[in-house]
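Student: I am new to this structure and would like a close look at one part of it. Could you take me through that part slowly?

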Amino acid sequence: MRAWVPTILRGFLLLLLIAFLVSPGSFEPLLKPLVQPNAPAIYNQGSLLSLTLLHLRTVFIATLAATIIAVLLAILVTRPFGAEFLALSRSLVNIGQTFPPVAVLALAVPAVGFGEKPTLIALFLYGLLPIFENTLTALTNLPRSVMEAARGSGMTPVQRLIQVELPLSLPVVVAGIRLSVVISLATATIGSTVAAKTLGEVIIAGLQSNNLAFVLQGGLIVGALAVLIYDGLSAVEAMIARRTGAA
Amino acid sequence: MRVQFDKLGIVIALLAVYGGLWASFATLKPNRIVQGKAEAMLQSLPAWAGWGLIGVLVLATAAALFRTSPWIKLLAAVAALAALTLSIGHAATFLTPAGNTYARVSPASGFWILLFAFALLAADAITRLDPPPAMRVLFLVVAAAAIGTLLMSGSWNGLSIMKEYSGRADVFWVEAGKHVELALGSLFAAVLVGLPLGILCHRVAPLRDGVLNTLNLVQTIPSIALFGLLIAPLGWIAANVPGAAAIGIRGIGGAPAFVALFLYSLLPVVANTVVGLAGVPRAANDAARGIGMTGWQRLFKIEFPLALPVILTAIRIVLVQNIGMATIAALIGGGGFGVFVFQGIGQTAMDLVLLGAVPTVALAFASAVVLDALIEMNSRVPNGARSA
């Protein structure tokens, strides 16, 4: 009986999120107690729905680009041609993770200006690391017996990569994407300090006008998105793992 | 004999050629916020210094390009980095018109590309040398001392970022103190609470999922929102709990930032304590039980030392994360290096942004190196014990 409780809870969270985004006005009585009598309780400088969609779009573009580049780089350094770069790429990933997102964001501004671009760059760089790390771990820890069987059956290196190595690594790669998306969802809010259109706008407007309801709704929408996407990708990961396990 | 090229060396050489020949080296701006005029390397330095720098860079690139000992590569990288940092300071003095106090000189893209290229060479050389942890810390100390000497010597004083600093030297150190206080203080509080909580979760299995799931949920709330959300409850506490205001609890400022960083830090500490304790080999525990150790003795003498590397890893994650996130505290008046970053963004004064961002990155990097070394030193103990 208990197995389906989390699924019901997630479904409920999703419905709540959709209801709030489609008709924020109907939730006004809930948020009203948090603000001064004459202040607005629902964000009124733009549509929450369109900000949410823009937020998701930014995260999606950055994660897509990060996934492509990270997987290609991981493939490169695990081939004989790129083996020289393997150790270095590991330490670079380590060093890269010490760069705070705000610093990356702020440092990207002089190069590309204000708006969505610096946010995309920061999210891209930040998203690269978990995906690269996971892909690398997956590709370097494949079961030896399987690899030898593939080699023994006369597969070319390219065939081995596409038919054996990548499918087997996929669940771990998806786990990396999942981590990266959750980090990006939260980091994208900081993008609004450099004028990117994300849900951070709602939170920052709340901080500036001392409006707790704004901060709460911005924060909760991002939190709900993160939980839902995290769970969704976990399900995808489990599905792929089951399939490759069965194959 | 065929000459063998180093693949990374080719990448570095390409970067160096682009950064040195095509991209500009320094930018001269009439004042701190307008667009400036970019100058190439030979235009931004007196002839002797310009050609000297080019000579050093060519030699270093050659060392990168051919397969040689990592020590030679490291030496070449250090020489190139030193020449670059000294030159950019010199370029500032050279480019600034005499007596003009408004003009600003800042490094341009070519400088950053060259810096990146030779930092890459240094990173590669250090990775290949694979120095023991103590040596890595020594490298860090030497690098810090070199940068410190450079800053003290005043050779960078003409640079824009140093002009931003000299205008607010007092504030800089106050905010630096606040930044470290926030990052370290919340880490300390998280360890103080998280360790016992982790031990409790390890011993009382039914607690585990609930606590970890709750802490996981906290992580999904974006930092700026969590900072903001804590303003109200802390403000309420300050107003209604006697003595709370006296110890510095306030709705805005450092307190909500501190609590938010503390909450974010709890998950890694608790989760890794649980994982670390769960990873203690059963045999070790059985042996300890067999020689009559009590539960507490086993915890402190067996389980805890064996779990230490995993717990230290959590501390590394938390410290690096806190140093980065403490910059956001500035948005709610909590101080820290973020003050300069956000002021700089507001005034579109990028050198001010650098004044906030560079120390943050340096601090996070240094902590990562030190803690990585600590982790490695501590994980050797059980291995040694096993082989003995």
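Student: Which exposed residues does the face of H1(B) turned away from its buried side carry?

Tutor: This is a predicted model, and in it the face of H1(B) that is turned away from the buried side carries Ile10(B), Leu14(B), Leu21(B) and Trp22(B) as exposed residues. To place them, begin with the helix itself: H1 of chain B runs over residues 7-22, which makes 16 residues, and from its first C-alpha to its last it reaches 22 Å, close to the 22 Å expected at 1.5 Å a residue. The buried residues in H1(B) are Leu8(B), Gly9(B), Ile12(B), Leu15(B), Ala16(B), Gly19(B) and Gly20(B). Looking down the axis of H1(B), one finds these buried residues within an arc of 125°, so they line one face of the helix. In general, an α-helix has 3.6 residues a turn, so residues three or four places apart point the same way.

The cover over the buried residues of H1(B) includes helix H2 (47-65) and helix H4 (109-129) of chain B, together with H4 of chain A. That brings in the contact between the two chains, which takes 37 residues from chain A and 35 residues from chain B. Helix H4 (86-96) of chain A is among the elements that give two or more residues to the side of chain A that touches chain B, while H10(A) gives the most to that side, with 9 residues. By class, the side of chain A that touches chain B has 27 nonpolar, 9 polar and 1 charged residues.

How values were computed: Residues numbered from 1 in each chain as written. Chains lettered and ligands numbered in written order. Predicted model: local features only at pLDDT ≥ 70, side-chain atom pairs only at ≥ 80, totals over all residues. Contact = placed C-beta atoms within 7 Å. Helix = DSSP H or I, 4+ residues; strand = E, 2+ residues; numbered from the N terminus. Nonpolar A, V, L, I, M, F, W, Y, C, P; charged D, E, K, R; others polar. Expected span 1.5 Å × (residues − 1). Buried ≥ 20, exposed ≤ 12 C-beta atoms within 10 Å, placed from the backbone. Arc of directions from axis to C-beta.
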